[in-house]
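Have the viewer ready as you read.

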Amino acid sequence: MLMNMKELLKIANENNFAVPAFNVADYSMFKGLMEVTESLDAPVIIAIHPDELAHVGQEMIKAVIERAHKSTVPVTIHLDHGASYEQVIWAIQTGYTSVMIDASSLPFEENADICKKVVKTAHAVNVSVEGELGTIGTADDFGEAGSKVIKYTDPEDAKKFIEETGVDCLAIAIGTCHGIYPKGVDPKLRLDILKEIKAKIPDTPLVLHGGSSNPDDEIEQSVELGVNKINISSDIKAAYFNKMREVLKNKALREPGDIQPPCVEAMKEVAAHKIRLFHADGKAHLY
């Protein structure tokens, strides 16, 4: 069942769970993620970043849409970190049911202005919009970019931003980073800021980017405190490709059907853990 993210996260907010947003850069990974979410009866967001889309080709979106329509669980196809109004419009035309416009590096009013412009266009065709306020850090030099210095989201600014823009959900900065934390780094989430933000905008679903490799207990607490969407990219990709490195020690292997299935299974184990951690398992029946 294909839907936009506003409809998807409204139920999550009302029932205090988070929907995983899994980044996809390969059809075999996408197929495996659909299998695990369906087996756990969990809603899912398939997030495809512009860099990932450049890798797989825009034609894959048609296949993702077709599979989503056939799914037994709710599915949103989401543009992750859209960088411009033009990029967002292209995504809407391609078939995404939800878009993120990331203008978080701009001053507040400029960020709000472009979000308002995107909201006006996207809502006209029943596409939901995610904005971002504050900056997400970066833990390594691979994958999505981030800021070297985290700018935490101000709760008062969050309230003003929602009122001015009308975005359907808000990505907040409370200490997460894109990527995998290097050895010896012990990230700490500012759950106190999360509590303040949720108190200011209780009806707005909140989003955590950079959800990979954070301690499980902090992530679970963030869900209990009102986060309704958590982006997971590095953790599932690391599981997939670490297994592939192991499989390819057999130098004779060359068929994708021999190489990829164990990698998909390793990724599915991680995805299943995240789904349960976010309390999303068994929630598809709510839709």
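## Helices α10 and α11

At what angle do helix α10 and helix α11 pack, and how far apart are their axes? In this predicted model, helix α10 (residues 234-247) packs against helix α11 (residues 256-277) at an angle of about 150°, and their axes are 8 Å apart. Because angles over 145 degrees count as roughly antiparallel, α10 is roughly antiparallel to α11. The crossing of these two helices is right-handed.

To find the contact on your screen, look on the α10 side for Asp235, Ile236, Ala239, Tyr240, Lys243, Met244 and Val247. Their partners on α11 include Asp258, Ile259, Pro262, Val264, Met267, Val270 and Lys274. By residue type, the contact of α10 with α11 divides into 13 nonpolar, one polar and four charged residues.

## Helix α2 meets α11

Helix α11 also has a contact with helix α2 (residues 27-39). The axes of α2 and α11 come within 9 Å and cross at roughly 45°, and the two helices are therefore oblique to each other. This crossing, too, is right-handed.

From α2, the residues that take part are Ser28, Met29, Gly32, Leu33, Glu35, Val36 and Thr37. They meet Gln260, Val264, Met267, Lys268, Ala271, Ala272 and Ile275 in α11. The contact of α2 with α11 holds eight nonpolar, four polar and two charged residues.

## The nonpolar core

Which residues touch the most other members of the largest nonpolar core? They are Ile46, Val99, Leu170 and Ile230, in a core of 89 residues. Helix α11 turns up here again: the largest share of this core, eight residues, comes from α11.

Leaving aside residues up to four places away in sequence, Leu170 touches Gly131, Glu132, Leu133, Ala158, Phe161, Ile162, Ile201, Thr204, Pro205, Leu206 and Val207.

## Thr204, a neighbor of Leu170

One of the residues that Leu170 touches is Thr204, which lies in the loop between α8 (191-200) and β9 (206-208).

Methods
Residues numbered from 1 in each chain as written. Predicted model: local features only at pLDDT ≥ 70, side-chain atom pairs only at ≥ 80, totals over all residues. Heavy atoms only, no water. Axes fitted to C-alpha atoms, helices over the stretch in contact; angles between N-to-C directions. Helix = DSSP H or I, 4+ residues; strand = E, 2+ residues; numbered from the N terminus. Parallel < 35°, antiparallel > 145°, perpendicular 65-115°, else oblique. Left-handed = near helix turned anticlockwise from the far one by under 90°. Contact = heavy atoms within 4.5 Å. Nonpolar A, V, L, I, M, F, W, Y, C, P; charged D, E, K, R; others polar. Core = buried A, V, L, I, M, F, W, Y, C linked by side-chain atoms within 4.5 Å. Buried < 20%, exposed > 50% of the residue type's maximum accessible area, 1.4 Å probe, protein only.
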